[in-house]
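Morning, everyone. Have a look at the sequence and the model first.

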Amino acid sequence: MKQFLSWATLLAVLASMNLTAARAVAQQRPAPQIALIDLGYIFSQHVRFKQLTEELRRDIESAENELRANKQQLQKMVEQLDEFSKGSPDYKQHEEDVVKRESELRVQVGMQKRDFNEKEARIYYTIYKEVMDQVRYYADKHGILLVMQFSGEPVDESDPGSIKQSLSKQVLHHNPAIDITPIILDAVNPPVRANRQSPPLTNRPQGPPRVGVPAKR
């Protein structure tokens, strides 16, 4: 009986020593100094980015409706030329009005296009800077020396384009533990509920969506 207890005691001591050694090794193992982030997925799930781009889309749609109405008015002015004798003073005056109105619309469209492009650029820069601030804060806090961008979009084996695109990826394999995408996304998005979980990191878009700017007409 005493011999049995001695063996049991010895095994317990050995097990304790192994556990202590494993903990010591784990503590000595350096934390990862490289992290990955999927910016395309961040932009696609960023709440305020969606709100800002939706507001811009509505402004663009309103401008397009206004332009469509102005073009219809211009078309009526062109049709009214038939009411005058060609070469008469009234015809020439009306023709000048048509040319002037057409020129004004062309300038208006150009200015609106430039304005919408600038607004879109400001939206992207604002959100990008916000995300980068969070990345820098997290990296400094956890001693991360390098943060690389990657795409978590899975390869579609039935799509040759998707396969070719995967061949140009810089990150071919990674440990999920160094993917800080959900952490940064939680930091930039307002909390919806107390138990909100990070969105799944699958089926990610290849890049942030673009807002359509009306083409010059």
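First, the term: a salt bridge is a side-chain nitrogen of Lys or Arg within 4 Å of a carboxyl oxygen of Asp or Glu. Side chains of opposite charge can pair when their charged atoms come close.

Now the ground rules. This is a predicted model: local features need pLDDT of at least 70, side-chain atom pairs count only at pLDDT 80 or more, and totals for chains, interfaces and linings use all residues. Residues are numbered from 1 along each chain as its sequence is written, and side-chain values use heavy atoms, leaving out hydrogens and water.

How many salt bridges does a search of the whole structure find? The search finds 9.

Start with Glu54. Its salt bridge partner is Arg57, with the closest N and O atoms 2.7 Å apart. Both sit in helix H3, residues 47–79, and are 3 residues apart, about one turn of the helix. (Helices are DSSP runs of H or I, at least four residues, numbered from the N terminus.)

Arg57 also forms a salt bridge with Glu61, at 3.0 Å between the closest N and O atoms. Those two are 4 residues apart in helix H3, again about one helical turn.

Buried or exposed? Glu61 is partly exposed, at 37% relative accessibility. Partly exposed lies between buried, under 20% relative accessible area, and exposed, over 50% (1.4 Å probe, protein chains only). Arg57 is partly exposed too, at 38%.

Next, helix H4, residues 89–142: Glu104 and Arg101 are 3 residues apart there, about one helical turn. Their side chains meet in a salt bridge, 3.3 Å from N to O. Glu104 is partly exposed, at 37%.

Back to Arg57: shared partners join Glu54, Arg57, Arg58 and Glu61 into one salt-bridge network.
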